Amino acid sequence: MSHPTKNGFSTPYVELDRPAWAALRAATPLSLTEAELEILRGRADPTSLDDVRDIYLPLSRLLNLYVKATRQRHGAVRSFLGDTERPMPFVIGVAGSVAVGKSTTARLLRTLLAQWPDHPNVELVSTDNFLQPNALLEARGIMNRKGFPESYDRRALVRFVSEMKAGTARYDIPIYSHLAYDIVPGAVQTVHRPDILIVEGINVLQPPPVGRLAVADFFDFSIYVDAKVEHIRSWYLDRFLELRRTAFEDPRSYFHSMATSVDEEQARAFAMNTWRTINEVNLVENIVPTRPRATLVLHKGEDHQVRRVRLRKT
Ligand SMILES: Nc1ncnc2c1ncn2[C@@H]1O[C@H](COP(=O)(O)OP(=O)(O)O)[C@@H](O)[C@H]1O
Ligand SMILES: CC(C)(COP(=O)(O)O)[C@@H](O)C(=O)NCCC(=O)O
């Protein structure tokens, strides 16, 4: 375990290599099977049962401790106020680049956290549901900024999370379809008041505009999934080519022409251009700068395996 210093000053982080982190699993049982993991894993994501055991079980144990401690703190405030309401949902943010594997991390956590008896109801929401519809992005001339902070309805996202924290029993949010590459008109995802809410998306750790709240202000814990830019770029390209052989084959796919009208080289060039002009710019300008705010950073190596974990102690 190392306690990093920067310019001679102590930092608020503790950094652990994989074996040191894995040892913190203690007695948390491995209750996930290979078949269950297969369903949770994202496309072209090689997360294995070893990763679940070494990385996600210690994390599940830590989060369970956090949930308990946070409930106690909220309980103290409730009894101070003479308030008899149920405890508020515990909110976890999962941030990181496009194609870094946030959704696998978030789905795994949902499953593992729901196995603890004291918080069985875990809801997962991806922030792409709060993207502005393509028609609006086009009208504003920002279709090539999808995923940048300004491409989201940030007020609607903050309203949703604050309603959940306030105890609203059910709340309808829009649905984004990767197939259509757009918000689905009229479709809603109904979120029922959970014990734990996981909010996953590239921009969830963005600071608020001056004088307002950001979604991160409601987080009780946040996770940044991290890797070198060149590794994420190659995961993005591999996934795009894999999608070309699968999801893009569907005639309803926004990228159908990538499967039917261009060869693999042209598809690769298209994906490379999207990466370089949109996703990498967003990563460098908006996403990486939010990393210091995360409670926990999972740093992946080239093979997607988590090599280092950094935890904020204060
Ligand atoms: N164009 C697409 N068509 C279909 N599915 C996609 C497309 N782009 C991304 N996805 C899927 O959407 C999910 C979220 O992807 P992304 O936002 O890049 O985050 P991450 O890879 O960090 O989970 C992944 O499961 C991915 O496979
Ligand atoms: C939908 C996304 C912005 C991710 O959004 P998130 O779920 O992180 O809010 C991203 O997957 C995306 O489509 N980016 C635009 C550039 C591209 O087509 O890769």
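Student: How far apart do the end C-alpha atoms of residues 91-239 lie?

Tutor: This is a predicted model, in which local features need pLDDT of at least 70, side-chain atom pairs count only at pLDDT 80 or more, and totals for chains, interfaces and linings use all residues. Residues are numbered from 1 along each chain as its sequence is written, while chains are lettered from A and ligands numbered from 1 in the order in which they are written. An unreviewed UniProt entry places "domain: Phosphoribulokinase/uridine kinase" at residues 91-239 (positions are in the numbering used here, feature names are shortened, and annotations may be inferred rather than shown by experiment). The span is 28% helix and 28% strand (DSSP runs numbered from the N terminus, H or I of at least four residues for helices and E of at least two for strands), and its end C-alpha atoms are separated by 29 Å.

Student: Let's turn to helix α4. How far does α4 reach from its first C-alpha to its last?

Tutor: Helix α4 covers residues 102-114, which is 13 residues. The expected span is 1.5 Å times one less than the number of residues, and that gives 18 Å for α4. The model comes close to this, with a reach of 18 Å.

Student: Why is α4 described as largely enclosed by the rest of the structure?

Tutor: A residue is buried if 20 or more other C-beta atoms, placed from the backbone, lie within 10 Å of its own, exposed if 12 or fewer, and partly exposed in between. Among the buried residues of α4 are Lys-102, Ser-103 and Leu-113. The helix is largely enclosed because its buried residues number 10 of the 13.

Student: Which strands do the buried residues of α4 pack against?

Tutor: Contact here needs C-beta atoms, placed from the backbone, within 7 Å. The buried residues of α4 pack against helices α2 (34-40) and α3 (49-81). On the strand side, the partners are β4 (90-96), β5 (122-126), β8 (196-200) and β9 (221-226).

Student: Which residues does Ala-99 contact, leaving aside its neighbours within four places in sequence?

Tutor: Ala-99 sits in the loop between β4 and α4, and the unreviewed UniProt entry includes Ala-99 in a "binding site". Ala-99 counts as buried because it has 25 C-beta neighbours inside 10 Å. Its contacts are Ile-232, Trp-235, Tyr-236 and Arg-239.

Student: What phi does Ala-99 have?

Tutor: Most residues other than glycine have a negative phi. Ala-99 is not a glycine, yet its phi is positive, at about 70 degrees.

Student: Is Tyr-181 buried, exposed or partly exposed?

Tutor: Tyr-181 is found in the loop between β6 (170-177) and β7 (182-192), and it too has a positive phi, about 60 degrees. With 13 other C-beta atoms within 10 Å, Tyr-181 is partly exposed.

Student: How many charged residues are in the shell around ligand 2?

Tutor: A residue is near a molecule if its C-beta atom, placed from the backbone, lies within 6 Å of it. Helix α9 (residues 264-287) gives the largest share of this shell, 3 residues. Ala, Val, Leu, Ile, Met, Phe, Trp, Tyr, Cys and Pro count as nonpolar, Asp, Glu, Lys and Arg as charged, and the others, Gly among them, as polar. By class the shell has 3 nonpolar and 6 polar residues, and the charged ones number 2.

Key: Two residues are in contact if their C-beta atoms, placed from the backbone, lie within 7 Å.
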